[in-house]
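Student: Can we go through this one together? I'd like to start with the strands and then move on to the rest.

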Amino acid sequence: MKHYLKSAIFLAVLAASGCGTSGTVGGTGTAAPTDSASGSDTGSGGGSGDGTKNKATIGTTTDSGAKSNVSVDKAASKEDAQASANKIGALNNGKDLILWVASTDNDGAKVLEVHIDTSKYPLPATGIPAGDLNSGAWVQYTVAGPAATGAYSSKGTGTIDVTSCPAASGVAVVGKLNGVKVESDATAVGPKSYTLEGPFNLVYFGGGGALTCKAEEPKPDAIGTDSNGKVDTGSFKPPAGSTCNANPCDDGSNTTRGCCPYVPCMGTCITACATTMNSCVQACAMGNPMEIQSCMMGCMDSYFKCHKTCLSTCNVSATCNAAYSKLVDCENTNLDACAGESEDLTEKCLTEKCCSELKAAF
């Protein structure tokens, strides 16, 4: 949140106003680094993931022992997720989460499709059984190449892990397949079955309806209280002189409402985002003067994306995720309008424009 990074955010505000920038933040600068808080590598099959990239390496082993893989490593895009063929990414259809990985190599064209009914398996969840086609969770693998051509589906062997739940567009779905066997009753060419194994990080771009996410308990280190049992919400309070009447977490005494249990963890994570942005802005200032405007806007864009990864890092509840995401989006939208001559004026303006979102989150 902005209160944790007053000096860092003000540098970017100066860039926005001093360079004559208007409109919303979101440019991409050549010196802007990748988010440092984008989460763990997908090789672990867990963590908050990377909301900017689709990355997966699913090993395939035929019934005769021949090995290959279906894999992807590219920037995430809504267009790829909504493509008419060879989709890559994640969408939902009502309560159903659908994941796709597609690749083409010497073995031919390959498409992996995973379906999970989140009303039956609220996310995150591990050990989801890969059942028959159109069951609560199932996997389909299609291949068209010189050595194999056919469509293969799961029959009840193997499991699916999904260690995150996408509550908003742009959030990574992280997980892995564990020994999922897919079979075909009628193959023109190739093996009768494949066993699929490996991790995925696939970015979610929404769809019709809404997924079911678990109301998770916070991590033990996400709750911090003082000797009186109060969380320190000082940095989340409206600044002096603000007309916003928010009283975050009832002055710290309410440790269960909204995002209140996660304040200490989120504060630490957001401070790390701010430090990264500060370094990014300084790098912009030392770079090409002709690119400084887009570079600094890129820093801010990365910062707001980093903000949202803190929600997964701190394992927040679905309620907190939705409310805090709206707060961050509000601040991002109003940043240019609130660019003032001082840090305090900018902070006061953002708080007043996003007062209802602040109150909803805390």
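Student: Which residue stands opposite Thr61 in strand 11?

Tutor: That is Thr195 in strand 11. Keep in mind that this is a predicted model.

Student: And how does strand 1 run against strand 11, parallel or antiparallel?

Tutor: Strand 1, residues 53-62, and strand 11 run antiparallel, joined by six bridges.

Student: What about strand 3 and strand 11, parallel or antiparallel?

Tutor: Strand 3, residues 89-93, runs parallel to strand 11, and three bridges join them. Asn92 has Gly207 as its bridge partner in strand 11.

Student: How many bridges does strand 10 make with strand 11?

Tutor: Ten, in the antiparallel sense, with strand 10 covering residues 172-183. Gly175 is placed opposite Phe200 of strand 11.

Student: How many residues of strand 11 are buried?

Tutor: Twelve of the 16, so strand 11 is mostly covered.

Student: What does the Cys244 and Cys355 pair tie together?

Tutor: Cys244 lies in the loop between strand 11 (193-208) and helix 3 (263-286), while Cys355 lies in helix 7 (residues 355-361), so the pair ties together parts that are 111 residues apart in sequence. The link of Cys244 and Cys355 is right-handed, with 80° about the S-S bond.

Student: Are those two cysteines buried or exposed?

Tutor: Cys244 and Cys355 are both buried.

Student: Which residue does Cys259 pair with?

Tutor: Cys259 is joined to Cys320 by a disulfide, S to S 2.0 Å. Cys259 sits in the loop between strand 11 and helix 3, and Cys320 in helix 5 (residues 318-334), so this pair links distant parts of the chain, 61 residues apart.

Student: Why is the disulfide of Cys259 and Cys320 called right-handed?

Tutor: Because the torsion about its S-S bond is about 105°. Both Cys259 and Cys320 are buried.

Student: Now Cys330 and Cys354: left-handed or right-handed?

Tutor: The link of Cys330 and Cys354 is left-handed, with -95° about the S-S bond. Its S to S distance is 2.1 Å.

Student: Where do Cys330 and Cys354 lie?

Tutor: Cys330 is in helix 5, and Cys354 is in the loop between helix 6 (343-353) and helix 7. The two are 24 residues apart, and the pair links distant parts of the chain. Cys330 and Cys354 are buried.

Student: What happens just after helix 4?

Tutor: Asn315 takes a positive phi of about 55° there.

Student: How do helix 4 and helix 5 pack?

Tutor: Their axes are 10 Å apart, at an angle of about 170°. Angles over 145 degrees count as roughly antiparallel, and helix 4 and helix 5 are therefore roughly antiparallel to each other.

Student: Which residues meet between helix 4 and helix 5?

Tutor: From helix 4, they are Phe304, His307, Lys308 and Leu311. Their contacts in helix 5 include Tyr324, Val328 and Glu331.

Terms used:
Residues are numbered from 1 along each chain as its sequence is written. This is a predicted model: local features need pLDDT of at least 70, side-chain atom pairs count only at pLDDT 80 or more; totals for chains, interfaces and linings use all residues. Side-chain values use heavy atoms; hydrogens and water are left out. A disulfide is a pair of cysteine sulfur atoms within 2.5 Å. Helices (H or I, at least four residues) and strands (E, at least two) are DSSP runs, numbered from the N terminus. Buried means under 20% relative accessible area, exposed over 50%, partly exposed in between (1.4 Å probe, protein chains only). Two strands pair if DSSP finds at least two bridges between them. Axes are lines fitted to C-alpha atoms, for helices over the stretch in contact, and angles run from 0 to 180 degrees between N-to-C directions. Angles under 35 degrees count as roughly parallel, over 145 as roughly antiparallel, 65 to 115 as roughly perpendicular and the rest as oblique. Contact means heavy atoms within 4.5 Å.
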